[in-house]
Amino acid sequence: MNVRSRVPLAVTTSGKPEETLVTRAREAARQWNLPFIPRRKKEPIGPMLESVADAFIVFEREGVSLWDQEGTFSFNPGMAHLRRLRIQSGQRDDAFIRVAELRTGDHVLDCTLGLGQDALVASLVVGSEGRVVALEKSLALYAVVSEGLKAYEYGPDSRHVEALHADAHEYLRSLPSGAFDIVFFDPMFEKPKKSQPGFEMLRRFAEHAPLTAETLEEARRVAKRWVVVKGAKYSEDLKKLGLEAEPGSRYTSMVWGRVPATSSG
Ligand SMILES: C[S@@+](CC[C@H](N)C(=O)[O-])C[C@H]1O[C@@H](n2cnc3c(N)ncnc32)[C@H](O)[C@@H]1O
């Protein structure tokens, strides 16, 4: 593709790619409707970020990463992996599982995929009989995290997360009532707080519009049991939506709220 002016986002490969990687990157760029920029052998990404695109999704042998002039971000299942190990060892104290009352066979709609951590936890709890669909509005984040989830080794007891590039409100509106047991939101927090690595980059590329009462109502229609919302402690995130924080751990900076479904299923 001939790019005359700088574009917001494009796809490329590492500087010494194999032909199969180039084919994968080209195909992904076509699917995501983004320009594919071939990279010459050993060509550094810095000048490409100055002249061609504000950010690049880079296909490398080890995985897919997002680059801009300030940093880089790749999918890292670390925290989710730890939570999954705790669950596998029989511990059921994960706040998401408790507040959502998640169980085997559940169909879960995660409206805010982000780094994919909560979706990965849900995918283990619902197991191979269940389903986890996770939505991400930011194309850059969707691209990196959905590719990371494809390569993740789930193990036989876990369902794979189905990631979709979609806006939560629009997607919810397209669904029939009672389509999922649980609908979950973890929107961007109002007040940025100290965060784990990877989160700064997420913040730059994420959708920041707050969850509205309309979207919450739509989610209650789509849910069969609960709509669950995560917010930041000491913020108005939940209160603004009329939600009470569920009793939780003193040691985390998150609070969890829930409202019952309006659909009878
Ligand atoms: C705080 S992060 C979610 C973190 C996630 N729970 C995890 O475990 O990694 C919020 C994410 O939701 C996305 N998002 C915000 N509003 C959205 C919407 N209306 N539709 C889809 N995704 C949205 C943001 O782009 C961001 O990636």
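This is a predicted model: local features need pLDDT of at least 70, side-chain atom pairs count only at pLDDT 80 or more; totals for chains, interfaces and linings use all residues.
Leaving out neighbours within four places in sequence, Thr262 is in contact with Arg220 and Arg221, where contact means C-beta atoms, placed from the backbone, within 7 Å. Along the chain, Thr262 and Arg221 sit 41 residues apart, yet their C-alpha atoms are 5.3 Å from each other. Thr262 belongs to the segment after β10 (254-260).

Residue numbers start from 1 along each chain as its sequence is written.

Zooming out, the chain's secondary structure comes to nine helices and ten strands, taken as DSSP runs numbered from the N terminus (H or I of at least four residues for helices, E of at least two for strands). The radius of gyration is 19 Å, close to the 18 Å that the globule rule gives for 265 residues, so the chain is as compact as a globular protein of that length. That radius is taken over C-alpha atoms, and the rule is 2.2 Å times the number of residues to the power 0.38. The C-alpha atoms fill a box of roughly 55 × 40 × 40 Å along the principal axes. Of the 265 residues, 39% count as buried. Among contacts with a separation of 6 or more, 71% come from residues 24 or more positions apart.

As for the ligand, 21 residues surround it, the closest being Thr112, Gly114, Leu115, Gln117 and Ala206; a residue is near if its C-beta atom, placed from the backbone, lies within 6 Å. By type, the shell splits into nine nonpolar, six polar and six charged residues, with Ala, Val, Leu, Ile, Met, Phe, Trp, Tyr, Cys and Pro as nonpolar, Asp, Glu, Lys and Arg as charged, and the others, Gly among them, as polar.

Lys42, not a glycine, has a positive phi of about 60°. It sits in the loop between α1 (19-32) and α2 (45-51), and counts as exposed because it has 8 C-beta neighbours inside 10 Å. Glu101 also has a positive phi, near 50°. Its place is the loop between α4 (95-100) and β5 (107-110), and with 13 other C-beta atoms within 10 Å, Glu101 is partly exposed.

Conventions: A residue is buried if 20 or more other C-beta atoms lie within 10 Å of its own, exposed if 12 or fewer, and partly exposed in between; C-beta atoms are placed from the backbone. Two residues are in contact if their C-beta atoms, placed from the backbone, lie within 7 Å.
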